[in-house]
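Please keep the sequence and model in view.

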Amino acid sequence: MAVPVRSARSAAHLLFLRVAVLVTVALGANYIIWRWFFSLNWDAWWIAVALVLAETYSLIDVALFGLTMWRARDRELPAAPVPDLTVDVFITTYNEPVELVKRTAQAARRIRYPHATWILDDGNRPEMREAAQLLEVGYITRGPDWQNRPLHAKAGNLNNALMSTEGEFLLILDADQVPLPHILDHTLGYFNDPKVALVQTPQVFDNVSAGDPLGSQAPLFYGPIQQGKDGWNAAFFCGSNALVRREALMQLGITRYVLEMERVVTRALAGAARVLDRAGRADDAQDPIVQTALHEVGAAIGDTRIAIAAGETIGNATYTLQQRIASVSRDLVAVDLRLLTLDLAAIAELQVETDADSFIPAHSLELLAARDLSPLGALESVQVLLRSIDVDRADEAQPLMPLATISVTEDMATSMRLHGLGFSSVYHHETLALGLAPEDLGTMITQRLRWAQGTMQVMLRENPLLQRGLSVPQRLMYFSTMWSYLSGYAALVYFAAPAVFLCFGILPVNTTALEFFLRFLPFMVANQLLFIISSHGISTWRGQQYSLALFPVWIKATTTAAANVVFHRPLGFAVTPKTRQEGTAAWHLILPQIAVAIVLVVSVIIGVTRLGLGLGEPIGTLVNLAWVIFDLLILSVLVPAARFRGSTTKESTP
Amino acid sequence: MQFTVTDQGDGIAVVHIAGRLNMVTAPRLREVVAASVAAGQNRVAVDLSDVDFIDSSGLGALIGGLKTARQAGGDLRIAAPNEQVRLVLQLTNMERVLTAYPAASDAFHG
């Protein structure tokens, strides 16, 4: 497994591939136009429209894949790195076994090019600190600044380490990714080009048993797809086995900080003015001292807006404002004390009333309880807003967050922003680290769900199609990956359509068999040829199976990510048990797929029966039977996966 | 690389930096500012007149120091950047956050 995976792509191969792309897209367009305009069965529109939408989705997916492959690039080994570069090797861990991290750290120490190795322990475990000391590698955990502030998972862990280290380049490794000694010798040379910010190498796993039942290896992604993206300068960061230029990350952190501060301050200034207006109009804010205070705050805010509009830096403008607010607050302390006595008197009166005749003036009670209705409460909420009109990013542990925190997959979002700043990336197609893949279906599903959720978060928060700094192909390359995660809905239709026909004789396509095959088959054949040519000898069937068979995961990812971004609901990670349930297969994890398989088998029985009774149309039945068999073959990937108990040779499970 | 801290009285400290303010020296600047703020001088003027090179990590340390000072009710200001430093401030848009004063002595009395 440790052999470099290199395969030169000849000019002839690339030409052949481009012809295949053009032919596939042309035949696909021919098919889909005919489907939309000349063959929709409107009598069964509910399944007809669903099917044609799913087919359109797939055609766009294929077209994006074609665009990806258009400039697939094989890189030569870069020049040997110049001496004296400084490199930090970061090993990120949260709860992985100490032994597993030690194994990675030992290998990291053996990397030949001079470097410093650090264990970034988000679990803050004493035994891990001890292990780091014994191995003589650095140990970094979160400081007190992170208490009661968002931790941002792995992105936060890396951002924290960035502030206490000083290497020009960072090699980022997941806890289980054991690096080979020449990993830096083969990659640092790319950074001779000052524009290069990122070098990503493949993620390969050496604990995967023959046949790869869980589809852990991703030879199509860490191969043709990343090479294709690389051709458009859009190879992206995948979180581990990657090198990053510190200067690029810090520059990103600073530009994002400035953007963020400008946005926050502008928004807060506008918001504060509204809150002040409301507070000033309230009936019980008529105390003259409070009115004066509110007035002064309002004047200060007005001055701040004028100053910023006139070109004052937000640093100085907010400082001046904070100083004025501080003096207003000091004046108010006296008022606060006086009102507090009044409040107490009011409460005392109420209690007397309640005791006397058990009559509770609910309205008054509520008024007193709702602190924001009282003048001081209003001013307090104003203060909260005013506190946010500052450049200290008080809500975050550190002002700079170079690694993006908008998504649980910080890697993709970060590389997109780096590309947006004009930096370039490299995909280096050589195995330079060996990791451990999940060894049971549950862990694998959780991992895929997380990737899909993270990708969807980026798509919804920073849609690549709308990012100004990116070239059009770069936008499409990022979008392509996001688009592929929408496949769950299409899969559902592809499972439903043949079952609907076999059970009810409803055909979504309104045509003759000949017409259908004339348009569909050439497209299908070209499509498969394109995949064969692109994959260049790599087996892609496992990947194709999983992209459809995991449809409930993809659907859950899109719905939870949308709920998270739009309604601020937590993503709600399913916590998978660390120990596999011995002796039982994991059928409970794939109930939707089992249900689909049962429906498909039942529909076969019904379809054949209908044919025997002379109810079913023969060619249609045959086509749909073939379709169902294809669907069942796709789903069959889950049977060995659910029964899989991990490779027996490995002692450690991530 | 050298840091010199001068107490100006009235809670003001001037941090004079000589040499390169980059990823190697940035952590030290953060420490110096933190120490100054902890000692009660929460208004820090950073004198950049003898800084001949700054990178994004150097800027990052200035922002880190700004946060430290602000949270203690003070401020961090910069003074006398040379051409290269000015250019970096421009390119990163940091000039919209930090005002560059002509001299450190003016930073809090301008």
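## Domain contact in chain A

In this predicted model, 33 residues of domain 1 of chain A are in contact with 29 residues of domain 2 of chain A. Contact means C-beta atoms, placed from the backbone, within 7 Å. H18(A) gives the most to the domain 1 side, with 10 residues. That side divides into 20 nonpolar, 10 polar and three charged residues. Here Ala, Val, Leu, Ile, Met, Phe, Trp, Tyr, Cys and Pro count as nonpolar, Asp, Glu, Lys and Arg as charged, and the others, Gly among them, as polar.

## Helix H16 of chain A

H16(A) covers residues 513-535. Helices are DSSP runs (H or I, at least four residues), numbered from the N terminus. His536(A) follows H16(A), with a positive phi near 55°.

## Arg30 of chain B

Arg30(B) sits in helix H1 (residues 26-38) of chain B. Is Arg30(B) buried or exposed? Arg30(B) is buried because 20 other C-beta atoms lie within 10 Å. The cut-offs are 20 or more for buried, 12 or fewer for exposed, and partly exposed in between, with C-beta atoms placed from the backbone. Beyond its neighbours within four places in sequence, Arg30(B) contacts Ala61(B), Gly64(B) and Gly65(B).

## Conventions

Residues are numbered from 1 along each chain as its sequence is written, and chains are lettered from A and ligands numbered from 1 in the order written. Local features need pLDDT of at least 70, side-chain atom pairs count only at pLDDT 80 or more, and totals for chains, interfaces and linings use all residues.

Conventions
Helix = DSSP H or I, 4+ residues; strand = E, 2+ residues; numbered from the N terminus. Contact = placed C-beta atoms within 7 Å. Expected span 1.5 Å × (residues − 1).
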